[in-house]
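Please work through each task before reading its solution.

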Amino acid sequence: MSKPKISIIMPVYQVEKYVAKAIESIQKQTLSDWEFLIVDDGSLDKSGKICDEYAKYDSRIHVTHKKNGGAPSARNVAIDIAKGKYLYFMDSDDWAEPTMLEDMYCLAEKNCSQLVVAGFYIDTYYNDTEKYTQQQCSENAAFYSKRDFRKEAYRFFDKNLLYTPWNKLYLASYIQINKFYFPQTFWDDFPFNLSVIRDVERVCMTSKCYYHFIRQRSESETAKYRQNMYEKREEEHKWMLDLYNYWDVHNEASKEFLARRYVERIVGCVENVTNSSCNLSVAEKKASIREMIKNPRAALAARIAKPKSRYMQLMVLPIKWKNIQLTYLEGCTISKVKSKNIKLFAKLKANR
């Protein structure tokens, strides 16, 4: 048998309410020459059985069952057995528009791309039927050298297009020869993609959107308090600085982006410690905020950053002033909006 054009890789864990729609959105793709590698990561609900049922009637679907080890380990199992020319990674609680694989495959073939990056939708549900849809995309572009891509990469980072795996088509040989795997860590997508783009040469961007990332605000992980969020964001910022130093890209636009990205995430960390699910005392919360905004990196970023929205300009001011009380009140306000008015919070976040 000839190799399939695309290997679709999808980890599955405790998603019995959503996984059927994810699978069917792939079966409805206009490109039909694919293999679907589903890895059931030790689900305790009916997720694995649902996948097995689909595999019974579609020979392109292959289900692997393993002990629970997390989404990174599930994806890595499939990378090692994938036979397609290209790899596509999907999450099991999302879905894709029917022309996604065909359009991305054609772009990859036309441009001899190692990486194709598409736009996507964020569907934030604030009840069972109503949602706010945010569209993330950039203009069409094709890059054929490391230098050209690196110089413009900040624009695609800025649109949140380079962080996630599910809006991308990867040349399998590029991934497998370089042994790029998902690290066993929280937010594993980001370091994986940093590895991929570090030395990538041929990248194609499309302005079209295909993938629907579903955010159920009441159930979302983002609605919870993350104990080590600030430490994680500091680590991520170091990764970004290391990447740009490795690239030797230091233009003003990239510097401003890196500063704005950092300070916006500090705002998120402040909201995290003022979240109602955080059990720290008020004094402990303010001490945590002090650590964040007294950090010289925060002061430098607040000075360089040029927030695009009036909302974010206001959010950055208390950090720029190093005012702990105002920053604390800001976090409390954001947390209240986040819990009481999901629709407004989604719009503010989308337009920041």
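A charge sits over a ring if NZ of Lys or CZ of Arg is within 6 Å of the ring centre and within 35 degrees of the ring normal. The model is predicted: local features need pLDDT of at least 70, side-chain atom pairs count only at pLDDT 80 or more, and totals for chains, interfaces and linings use all residues. Residues are numbered from 1 along each chain as its sequence is written, and side-chain values use heavy atoms, without hydrogens and water.

**Exercise 1.** Identify the ring over whose face Lys-286 lies.

Solution. Lys-286 lies over the face of Tyr-328, and the distance to the ring centre is 5.1 Å. A further case is Arg-75, whose charged end sits over the ring of Phe-182, 4.7 Å from its centre.

**Exercise 2.** Explain why the pair of Tyr-244 and Trp-247 is edge-to-face.

Solution. Step 1: rings of Phe, Tyr and Trp (its six-membered ring) pair if their centres lie within 6.5 Å; planes under 30 degrees apart count as stacked, over 60 as edge-to-face and the rest as tilted. Step 2: the structure holds 20 aromatic pairs. Step 3: the ring centres of Tyr-244 and Trp-247 are 5.2 Å apart and their planes stand at 65 degrees, so this pair is edge-to-face.

**Exercise 3.** Determine whether Tyr-244 is buried or exposed.

Solution. Buried means under 20% relative accessible area, exposed over 50%, partly exposed in between (1.4 Å probe, protein chains only). Tyr-244 has a relative accessible area of 2%, therefore Tyr-244 is buried.
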